[in-house]
Amino acid sequence: MVKITIVGTGYVGLVTGACFAEVGHQVICVDNDQKKVAMLQAGGIPIYEPGLEEMVKKNVAAGRLRFTSSTPEGVQNSEVIFIAVPTPPQPDGSTDLSFVEKVAREVAGAMTEYKIVVDKSTVPVKTGEKVAETIKRYNKHNVEFDVASNPEFLREGCAVDDLMHPDRVVVGVSSERAVAKLKAIYEPFKAPIIVTDINSSELIKHACNSFLALKISYANLIATICEASGANVQDVVHGMGLDKRIGRAFLNAGLGYGGSCFPKDVSAFIHIADQLGVDFGLMKEVARINTSQIQRFLKKVRDTLWIVKDKQIGVLGLAFKPNTDDMRLAPSLDVIRPLLKEGAKIRAYDPKAMEKAREYLPDIEYAADPYAAAAGADALLVCTEWDEFKTLDLAKLKSVMGHPTVLDGRNIFDPKRMKELGFTYKSIGR
(Lines give C-alpha, C1' and ligand atoms only; values in the text may rest on other atoms or scores of the structure.)
Protein backbone atom coordinates (compact mmCIF):
# COMPACT_ATOMS: atom_id res chain seq x y z
CA MET A 1 0.00 0.00 0.00
CA VAL A 2 1.29 3.43 -0.98
CA LYS A 3 -0.04 6.72 0.38
CA ILE A 4 -0.94 8.85 -2.64
CA THR A 5 -2.31 12.32 -3.27
CA ILE A 6 -3.89 13.28 -6.60
CA VAL A 7 -4.17 17.03 -7.21
CA GLY A 8 -7.06 17.59 -9.61
CA THR A 9 -10.37 15.71 -9.79
CA GLY A 10 -11.17 15.94 -13.48
CA TYR A 11 -11.49 13.02 -15.88
CA VAL A 12 -7.88 11.94 -15.27
CA GLY A 13 -7.48 12.73 -11.58
CA LEU A 14 -10.74 11.28 -10.31
CA VAL A 15 -10.44 8.07 -12.35
CA THR A 16 -6.80 7.65 -11.33
CA GLY A 17 -7.58 8.21 -7.66
CA ALA A 18 -10.49 5.79 -7.67
CA CYS A 19 -8.53 3.06 -9.43
CA PHE A 20 -5.50 3.46 -7.17
CA ALA A 21 -7.81 3.09 -4.17
CA GLU A 22 -9.48 0.08 -5.79
CA VAL A 23 -6.20 -1.88 -5.76
CA GLY A 24 -5.54 -1.04 -2.10
CA HIS A 25 -3.62 2.24 -2.01
CA GLN A 26 -4.56 5.05 0.40
CA VAL A 27 -5.64 7.99 -1.76
CA ILE A 28 -6.44 11.66 -1.12
CA CYS A 29 -7.90 13.63 -4.03
CA VAL A 30 -7.37 17.39 -3.85
CA ASP A 31 -9.23 20.06 -5.80
CA ASN A 32 -9.32 23.84 -5.33
CA ASP A 33 -12.99 23.90 -6.41
CA GLN A 34 -14.68 23.67 -3.02
CA LYS A 35 -18.11 23.07 -4.57
CA LYS A 36 -16.75 20.06 -6.44
CA VAL A 37 -15.07 18.74 -3.30
CA ALA A 38 -18.31 19.17 -1.35
CA MET A 39 -20.19 17.27 -4.06
CA LEU A 40 -17.66 14.43 -3.94
CA GLN A 41 -17.72 14.33 -0.14
CA ALA A 42 -21.52 14.10 -0.29
CA GLY A 43 -21.38 11.15 -2.69
CA GLY A 44 -21.92 13.05 -5.95
CA ILE A 45 -19.87 12.64 -9.13
CA PRO A 46 -19.12 15.71 -11.29
CA ILE A 47 -18.50 13.75 -14.51
CA TYR A 48 -20.02 10.76 -16.27
CA GLU A 49 -17.69 7.83 -16.83
CA PRO A 50 -18.97 4.24 -16.92
CA GLY A 51 -18.22 2.41 -13.65
CA LEU A 52 -16.68 5.43 -11.94
CA GLU A 53 -19.50 6.36 -9.56
CA GLU A 54 -19.73 2.84 -8.16
CA MET A 55 -15.96 2.60 -7.71
CA VAL A 56 -15.72 5.97 -5.96
CA LYS A 57 -18.54 5.17 -3.52
CA LYS A 58 -17.09 1.73 -2.78
CA ASN A 59 -13.63 3.05 -1.92
CA VAL A 60 -14.89 6.04 0.06
CA ALA A 61 -16.93 3.60 2.16
CA ALA A 62 -13.86 1.40 2.59
CA GLY A 63 -11.82 4.37 3.85
CA ARG A 64 -9.27 4.19 1.03
CA LEU A 65 -10.41 7.33 -0.81
CA ARG A 66 -11.22 10.79 0.48
CA PHE A 67 -11.47 14.36 -0.83
CA THR A 68 -10.16 17.72 0.34
CA SER A 69 -9.56 21.23 -0.96
CA SER A 70 -6.30 21.51 1.02
CA THR A 71 -3.10 20.81 -0.92
CA PRO A 72 -0.95 20.90 2.26
CA GLU A 73 -3.21 18.25 3.81
CA GLY A 74 -2.70 16.04 0.78
CA VAL A 75 1.06 16.59 0.70
CA GLN A 76 1.62 15.96 4.39
CA ASN A 77 -0.36 12.70 4.33
CA SER A 78 1.21 11.10 1.26
CA GLU A 79 4.44 9.71 -0.13
CA VAL A 80 3.70 10.40 -3.80
CA ILE A 81 1.87 13.44 -5.22
CA PHE A 82 0.39 13.22 -8.71
CA ILE A 83 -0.34 16.48 -10.55
CA ALA A 84 -3.47 15.92 -12.65
CA VAL A 85 -4.67 19.46 -13.29
CA PRO A 86 -5.89 20.94 -16.60
CA THR A 87 -3.33 21.92 -19.26
CA PRO A 88 -5.56 23.84 -21.69
CA PRO A 89 -4.42 25.13 -25.08
CA GLN A 90 -3.46 28.75 -25.60
CA PRO A 91 -4.33 30.75 -28.74
CA ASP A 92 -0.93 30.05 -30.34
CA GLY A 93 -1.31 26.27 -29.83
CA SER A 94 1.05 26.09 -26.87
CA THR A 95 0.02 24.60 -23.54
CA ASP A 96 -1.07 26.68 -20.56
CA LEU A 97 1.04 25.30 -17.71
CA SER A 98 -0.03 27.83 -15.08
CA PHE A 99 -2.10 25.25 -13.16
CA VAL A 100 0.85 22.83 -13.08
CA GLU A 101 3.19 25.59 -11.89
CA LYS A 102 0.76 26.67 -9.17
CA VAL A 103 0.46 23.13 -7.81
CA ALA A 104 4.26 22.70 -7.90
CA ARG A 105 4.60 25.86 -5.77
CA GLU A 106 1.95 24.71 -3.31
CA VAL A 107 3.51 21.26 -3.00
CA ALA A 108 6.97 22.77 -2.48
CA GLY A 109 5.72 24.99 0.31
CA ALA A 110 3.99 22.13 2.12
CA MET A 111 6.78 19.51 1.98
CA THR A 112 8.51 18.70 5.24
CA GLU A 113 10.09 15.40 4.17
CA TYR A 114 11.08 13.54 0.99
CA LYS A 115 8.32 13.37 -1.63
CA ILE A 116 7.95 12.12 -5.18
CA VAL A 117 6.05 14.61 -7.37
CA VAL A 118 4.63 13.09 -10.55
CA ASP A 119 3.33 14.89 -13.62
CA LYS A 120 0.18 13.01 -14.67
CA SER A 121 -1.22 15.86 -16.76
CA THR A 122 -0.32 15.87 -20.44
CA VAL A 123 2.54 18.36 -20.66
CA PRO A 124 5.13 19.44 -23.25
CA VAL A 125 8.60 17.95 -23.16
CA LYS A 126 10.89 19.70 -20.66
CA THR A 127 8.00 20.42 -18.25
CA GLY A 128 9.47 18.04 -15.68
CA GLU A 129 12.60 20.14 -15.58
CA LYS A 130 10.52 23.28 -14.95
CA VAL A 131 8.53 21.55 -12.21
CA ALA A 132 11.76 20.49 -10.53
CA GLU A 133 13.13 24.05 -10.74
CA THR A 134 9.91 25.44 -9.27
CA ILE A 135 9.87 23.01 -6.35
CA LYS A 136 13.53 23.71 -5.64
CA ARG A 137 12.84 27.47 -5.67
CA TYR A 138 9.87 27.31 -3.27
CA ASN A 139 11.08 24.38 -1.12
CA LYS A 140 11.17 26.42 2.09
CA HIS A 141 12.02 23.44 4.30
CA ASN A 142 14.81 22.41 1.92
CA VAL A 143 13.77 18.74 1.90
CA GLU A 144 14.78 16.21 -0.74
CA PHE A 145 12.37 15.36 -3.54
CA ASP A 146 12.14 13.70 -6.94
CA VAL A 147 10.10 14.71 -9.95
CA ALA A 148 8.78 12.04 -12.30
CA SER A 149 6.52 11.79 -15.35
CA ASN A 150 3.71 9.25 -15.64
CA PRO A 151 1.53 10.06 -18.67
CA GLU A 152 -2.04 8.81 -18.76
CA PHE A 153 -3.41 6.82 -21.70
CA LEU A 154 -7.08 6.89 -20.74
CA ARG A 155 -9.90 7.00 -23.27
CA GLU A 156 -12.94 8.85 -22.01
CA GLY A 157 -15.84 6.42 -21.93
CA CYS A 158 -13.45 3.53 -21.21
CA ALA A 159 -11.19 5.22 -18.66
CA VAL A 160 -11.84 2.95 -15.67
CA ASP A 161 -11.18 -0.19 -17.69
CA ASP A 162 -8.14 1.39 -19.34
CA LEU A 163 -6.54 2.16 -15.99
CA MET A 164 -7.48 -1.14 -14.36
CA HIS A 165 -6.15 -3.09 -17.37
CA PRO A 166 -3.41 -0.96 -18.95
CA ASP A 167 -1.43 -2.26 -21.92
CA ARG A 168 1.64 -0.47 -20.53
CA VAL A 169 2.71 1.98 -17.83
CA VAL A 170 5.28 4.64 -18.70
CA VAL A 171 7.39 6.17 -15.92
CA GLY A 172 9.95 8.88 -16.58
CA VAL A 173 12.47 9.55 -13.84
CA SER A 174 15.58 11.66 -13.24
CA SER A 175 16.95 9.37 -10.51
CA GLU A 176 16.58 5.74 -9.53
CA ARG A 177 15.34 6.64 -6.06
CA ALA A 178 11.74 7.09 -7.23
CA VAL A 179 11.50 3.95 -9.36
CA ALA A 180 10.74 1.38 -6.63
CA LYS A 181 7.87 3.43 -5.15
CA LEU A 182 6.31 4.09 -8.58
CA LYS A 183 6.58 0.40 -9.48
CA ALA A 184 4.90 -0.46 -6.17
CA ILE A 185 1.95 1.77 -7.12
CA TYR A 186 1.45 0.00 -10.44
CA GLU A 187 2.40 -3.56 -9.47
CA PRO A 188 -1.24 -4.55 -8.76
CA PHE A 189 -2.24 -3.63 -12.32
CA LYS A 190 -0.09 -6.42 -13.82
CA ALA A 191 1.12 -4.39 -16.80
CA PRO A 192 4.56 -3.88 -18.36
CA ILE A 193 6.29 -0.89 -16.75
CA ILE A 194 8.53 1.11 -19.08
CA VAL A 195 11.09 3.28 -17.28
CA THR A 196 12.57 6.16 -19.29
CA ASP A 197 14.06 9.58 -18.73
CA ILE A 198 11.48 12.33 -18.08
CA ASN A 199 11.78 13.97 -21.51
CA SER A 200 11.12 10.70 -23.33
CA SER A 201 8.14 9.95 -21.11
CA GLU A 202 6.61 13.36 -21.83
CA LEU A 203 7.10 12.90 -25.58
CA ILE A 204 5.51 9.44 -25.59
CA LYS A 205 2.08 10.84 -24.70
CA HIS A 206 2.10 13.53 -27.39
CA ALA A 207 3.53 11.11 -29.95
CA CYS A 208 0.77 8.55 -29.24
CA ASN A 209 -2.16 10.97 -29.39
CA SER A 210 -0.82 12.71 -32.48
CA PHE A 211 -0.38 9.39 -34.28
CA LEU A 212 -3.95 8.34 -33.43
CA ALA A 213 -5.22 11.72 -34.64
CA LEU A 214 -3.26 11.13 -37.83
CA LYS A 215 -5.05 7.79 -38.35
CA ILE A 216 -8.45 9.48 -37.94
CA SER A 217 -7.57 12.24 -40.40
CA TYR A 218 -6.16 9.67 -42.82
CA ALA A 219 -9.43 7.73 -42.70
CA ASN A 220 -11.35 10.94 -43.35
CA LEU A 221 -9.14 11.75 -46.33
CA ILE A 222 -9.77 8.23 -47.68
CA ALA A 223 -13.50 8.87 -47.16
CA THR A 224 -13.27 11.97 -49.36
CA ILE A 225 -11.60 9.91 -52.07
CA CYS A 226 -14.27 7.22 -51.68
CA GLU A 227 -17.06 9.75 -52.16
CA ALA A 228 -15.35 11.09 -55.29
CA SER A 229 -14.85 7.61 -56.74
CA GLY A 230 -18.06 5.86 -55.65
CA ALA A 231 -16.26 3.53 -53.23
CA ASN A 232 -17.27 2.61 -49.66
CA VAL A 233 -14.88 3.84 -46.97
CA GLN A 234 -15.98 1.18 -44.50
CA ASP A 235 -14.97 -1.57 -46.92
CA VAL A 236 -11.67 0.18 -47.62
CA VAL A 237 -10.66 0.65 -43.97
CA HIS A 238 -11.81 -2.88 -43.13
CA GLY A 239 -9.40 -4.17 -45.75
CA MET A 240 -6.68 -1.92 -44.39
CA GLY A 241 -7.32 -2.81 -40.77
CA LEU A 242 -6.81 -6.52 -41.29
CA ASP A 243 -3.16 -5.75 -42.05
CA LYS A 244 -1.50 -6.34 -38.66
CA ARG A 245 0.96 -3.54 -39.36
CA ILE A 246 -1.91 -1.05 -39.56
CA GLY A 247 -4.80 -2.29 -37.37
CA ARG A 248 -8.45 -1.27 -37.53
CA ALA A 249 -8.60 1.07 -34.51
CA PHE A 250 -8.99 4.83 -35.17
CA LEU A 251 -9.76 4.34 -38.86
CA ASN A 252 -13.42 5.36 -38.60
CA ALA A 253 -14.37 8.12 -41.01
CA GLY A 254 -16.74 10.74 -39.63
CA LEU A 255 -16.83 14.29 -38.32
CA GLY A 256 -13.25 14.09 -37.12
CA TYR A 257 -11.72 14.01 -33.66
CA GLY A 258 -12.73 16.31 -30.81
CA GLY A 259 -12.55 16.35 -27.04
CA SER A 260 -9.95 17.71 -24.68
CA CYS A 261 -7.02 15.55 -25.84
CA PHE A 262 -6.48 15.15 -29.58
CA PRO A 263 -7.05 18.77 -30.72
CA LYS A 264 -4.99 20.12 -27.83
CA ASP A 265 -2.21 17.56 -28.14
CA VAL A 266 -1.86 17.93 -31.91
CA SER A 267 -1.60 21.73 -31.55
CA ALA A 268 0.82 21.37 -28.66
CA PHE A 269 3.02 18.89 -30.54
CA ILE A 270 3.17 21.25 -33.54
CA HIS A 271 4.16 24.09 -31.18
CA ILE A 272 6.76 21.92 -29.42
CA ALA A 273 8.30 21.01 -32.77
CA ASP A 274 8.35 24.66 -33.85
CA GLN A 275 10.10 25.61 -30.60
CA LEU A 276 12.71 22.93 -31.30
CA GLY A 277 13.23 24.15 -34.87
CA VAL A 278 11.38 21.25 -36.52
CA ASP A 279 8.68 21.97 -39.13
CA PHE A 280 6.06 19.33 -38.26
CA GLY A 281 4.16 19.78 -41.52
CA LEU A 282 2.59 16.34 -41.25
CA MET A 283 0.74 17.27 -38.04
CA LYS A 284 -0.31 20.62 -39.48
CA GLU A 285 -2.01 18.74 -42.30
CA VAL A 286 -3.70 16.41 -39.81
CA ALA A 287 -5.24 19.43 -38.07
CA ARG A 288 -6.27 20.97 -41.40
CA ILE A 289 -8.01 17.76 -42.55
CA ASN A 290 -9.86 17.50 -39.24
CA THR A 291 -11.19 21.04 -39.56
CA SER A 292 -12.17 20.55 -43.20
CA GLN A 293 -14.19 17.45 -42.33
CA ILE A 294 -16.73 19.58 -40.43
CA GLN A 295 -16.92 22.00 -43.36
CA ARG A 296 -17.58 19.14 -45.76
CA PHE A 297 -20.41 17.91 -43.54
CA LEU A 298 -21.94 21.37 -43.27
CA LYS A 299 -21.82 21.64 -47.07
CA LYS A 300 -23.83 18.41 -47.28
CA VAL A 301 -26.42 19.90 -44.93
CA ARG A 302 -26.66 23.10 -46.95
CA ASP A 303 -26.75 21.29 -50.29
CA THR A 304 -29.51 18.98 -49.03
CA LEU A 305 -31.72 21.63 -47.44
CA TRP A 306 -30.89 24.39 -49.96
CA ILE A 307 -32.04 27.10 -47.51
CA VAL A 308 -31.09 26.52 -43.86
CA LYS A 309 -32.96 29.50 -42.44
CA ASP A 310 -36.13 28.56 -40.54
CA LYS A 311 -35.53 24.83 -41.06
CA GLN A 312 -36.16 22.50 -38.10
CA ILE A 313 -33.04 20.35 -37.62
CA GLY A 314 -32.77 17.45 -35.18
CA VAL A 315 -29.41 16.43 -33.76
CA LEU A 316 -28.56 13.05 -32.28
CA GLY A 317 -25.50 13.18 -30.04
CA LEU A 318 -23.70 16.15 -28.49
CA ALA A 319 -20.75 14.73 -26.51
CA PHE A 320 -17.50 14.51 -28.45
CA LYS A 321 -17.72 10.69 -28.28
CA PRO A 322 -20.07 8.08 -26.79
CA ASN A 323 -20.02 7.03 -23.12
CA THR A 324 -19.00 10.44 -21.81
CA ASP A 325 -20.66 13.76 -21.04
CA ASP A 326 -17.60 15.76 -22.12
CA MET A 327 -18.47 18.64 -24.44
CA ARG A 328 -15.01 20.15 -24.74
CA LEU A 329 -14.26 20.80 -28.44
CA ALA A 330 -17.06 18.41 -29.42
CA PRO A 331 -17.58 18.31 -33.23
CA SER A 332 -21.31 18.83 -32.61
CA LEU A 333 -20.54 22.39 -31.49
CA ASP A 334 -18.88 23.21 -34.81
CA VAL A 335 -21.84 21.72 -36.65
CA ILE A 336 -24.63 23.37 -34.65
CA ARG A 337 -23.25 26.87 -34.14
CA PRO A 338 -22.96 27.80 -37.86
CA LEU A 339 -26.46 26.41 -38.52
CA LEU A 340 -27.85 28.54 -35.69
CA LYS A 341 -26.19 31.61 -37.19
CA GLU A 342 -27.89 30.79 -40.50
CA GLY A 343 -31.28 30.76 -38.81
CA ALA A 344 -31.91 27.07 -38.28
CA LYS A 345 -33.98 25.84 -35.33
CA ILE A 346 -32.13 23.06 -33.50
CA ARG A 347 -33.58 20.36 -31.26
CA ALA A 348 -31.00 17.92 -29.86
CA TYR A 349 -30.77 14.80 -27.75
CA ASP A 350 -27.82 13.13 -26.02
CA PRO A 351 -28.07 10.34 -23.41
CA LYS A 352 -25.58 11.93 -20.98
CA ALA A 353 -24.25 15.29 -22.16
CA MET A 354 -27.30 17.57 -22.32
CA GLU A 355 -26.76 19.18 -18.92
CA LYS A 356 -23.21 20.16 -19.81
CA ALA A 357 -24.23 21.04 -23.37
CA ARG A 358 -26.50 23.80 -22.05
CA GLU A 359 -23.39 25.74 -21.03
CA TYR A 360 -22.12 25.65 -24.63
CA LEU A 361 -25.42 25.75 -26.51
CA PRO A 362 -27.95 27.75 -24.49
CA ASP A 363 -30.01 28.71 -27.54
CA ILE A 364 -31.14 25.29 -28.74
CA GLU A 365 -34.01 23.06 -27.64
CA TYR A 366 -33.26 19.82 -25.78
CA ALA A 367 -35.39 16.74 -26.37
CA ALA A 368 -36.39 13.93 -24.01
CA ASP A 369 -35.47 11.16 -26.46
CA PRO A 370 -34.24 10.63 -30.05
CA TYR A 371 -37.75 10.58 -31.53
CA ALA A 372 -38.59 13.89 -29.85
CA ALA A 373 -35.41 15.37 -31.34
CA ALA A 374 -36.53 14.21 -34.78
CA ALA A 375 -40.16 15.29 -34.45
CA GLY A 376 -41.18 17.56 -37.34
CA ALA A 377 -37.57 17.88 -38.49
CA ASP A 378 -36.62 18.82 -42.04
CA ALA A 379 -33.38 16.90 -41.42
CA LEU A 380 -31.77 14.81 -38.70
CA LEU A 381 -28.01 15.00 -38.08
CA VAL A 382 -26.04 12.24 -36.32
CA CYS A 383 -23.07 13.78 -34.48
CA THR A 384 -22.19 11.11 -31.87
CA GLU A 385 -22.34 7.34 -32.34
CA TRP A 386 -24.13 6.30 -29.13
CA ASP A 387 -25.15 2.64 -29.21
CA GLU A 388 -28.80 3.47 -28.52
CA PHE A 389 -28.98 5.39 -31.81
CA LYS A 390 -27.88 2.31 -33.74
CA THR A 391 -30.95 0.37 -32.59
CA LEU A 392 -33.62 3.02 -33.19
CA ASP A 393 -36.95 2.01 -34.70
CA LEU A 394 -36.27 3.56 -38.10
CA ALA A 395 -39.88 3.26 -39.28
CA LYS A 396 -40.97 5.21 -36.20
CA LEU A 397 -38.19 7.71 -36.75
CA LYS A 398 -39.37 8.32 -40.31
CA SER A 399 -42.99 8.69 -39.22
CA VAL A 400 -42.24 11.52 -36.76
CA MET A 401 -40.03 13.56 -39.09
CA GLY A 402 -41.30 16.42 -41.20
CA HIS A 403 -39.15 15.08 -44.03
CA PRO A 404 -37.20 11.80 -43.79
CA THR A 405 -33.74 13.25 -44.39
CA VAL A 406 -30.81 11.92 -42.35
CA LEU A 407 -27.24 13.20 -42.58
CA ASP A 408 -25.15 10.65 -40.72
CA GLY A 409 -21.83 12.07 -39.55
CA ARG A 410 -20.86 8.79 -37.87
CA ASN A 411 -21.95 6.13 -40.41
CA ILE A 412 -24.14 4.29 -37.91
CA PHE A 413 -26.93 3.34 -40.33
CA ASP A 414 -26.92 1.00 -43.34
CA PRO A 415 -27.35 3.03 -46.54
CA LYS A 416 -29.24 0.20 -48.29
CA ARG A 417 -31.72 -0.16 -45.40
CA MET A 418 -32.25 3.61 -45.20
CA LYS A 419 -32.98 3.77 -48.93
CA GLU A 420 -35.44 0.87 -48.68
CA LEU A 421 -37.30 2.71 -45.91
CA GLY A 422 -37.56 5.84 -48.03
CA PHE A 423 -35.06 8.08 -46.30
CA THR A 424 -32.94 10.65 -48.05
CA TYR A 425 -29.71 9.47 -46.50
CA LYS A 426 -26.18 10.84 -46.72
CA SER A 427 -23.18 9.60 -44.77
CA ILE A 428 -19.38 9.90 -44.85
CA GLY A 429 -17.39 8.24 -47.61
CA ARG A 430 -20.16 5.87 -48.73
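Colleague: Hello! Are helices H11 and H12 roughly parallel or roughly antiparallel to each other?
Modeller: This is a predicted model, where local features need pLDDT of at least 70, side-chain atom pairs count only at pLDDT 80 or more, and totals for chains, interfaces and linings use all residues. Residues are numbered from 1 along each chain as its sequence is written, and side-chain values use heavy atoms, with hydrogens and water left out. The axes of H11 (residues 262–275) and H12 (residues 281–305) cross at roughly 155°, where axes are lines fitted to C-alpha atoms, for helices over the stretch in contact, and angles run from 0 to 180 degrees between N-to-C directions. Angles under 35 degrees count as roughly parallel, over 145 as roughly antiparallel, 65 to 115 as roughly perpendicular and the rest as oblique, so H11 and H12 are roughly antiparallel.

Colleague: Thanks! Which residues of H12 do Val 266, Ile 270 and Asp 274 in H11 meet?
Modeller: The two axes come within 9 Å, and contact means heavy atoms within 4.5 Å. By class, this contact has four nonpolar, no polar and two charged residues (Ala, Val, Leu, Ile, Met, Phe, Trp, Tyr, Cys and Pro count as nonpolar, Asp, Glu, Lys and Arg as charged, and the others, Gly among them, as polar). The partners in H12 are Met 283, Lys 284 and Ala 287.

Colleague: Now for H1 and H3: at what angle do their axes cross?
Modeller: On the H1 side (residues 11–22) the contact includes Leu 14 and Val 15, and on the H3 side (residues 52–61) it includes Leu 52 and Met 55. The residues of this contact divide into eight nonpolar, one polar and two charged. H1 is oblique to H3, with their axes crossing at roughly 50°.

Colleague: Stepping back, how many helices and strands does the protein have?
Modeller: Helices (H or I, at least four residues) and strands (E, at least two) are DSSP runs, numbered from the N terminus. Counted that way, the protein has 18 helices and 14 strands.

Colleague: What is the radius of gyration of the protein?
Modeller: The radius is taken over C-alpha atoms, and the globule rule is 2.2 Å times the number of residues to the power 0.38. For 430 residues that rule gives 22 Å, and the protein comes close to it, so it is as compact as a globular protein of that length, with a radius of gyration of 23 Å.

Colleague: Is Val 131 buried or exposed?
Modeller: Val 131 is found in helix H6 (residues 127–138). Buried means under 20% relative accessible area, exposed over 50%, partly exposed in between (1.4 Å probe, protein chains only). At 4% relative accessibility, Val 131 is buried.

Colleague: And what is the relative accessible area of Lys 126?
Modeller: Lys 126 is found in the loop between strand E5 (115–119) and H6. Its phi is near 85°, a positive value in a residue other than glycine. Lys 126 is partly exposed, and its relative accessible area is 42%.

Colleague: One last stop: where does Asn 411 lie?
Modeller: Asn 411 also has a positive phi, about 55°, although it is not a glycine. With a relative accessible area of 9%, Asn 411 is buried. You will find Asn 411 in the loop between strand E13 (405–408) and helix H18 (415–420).
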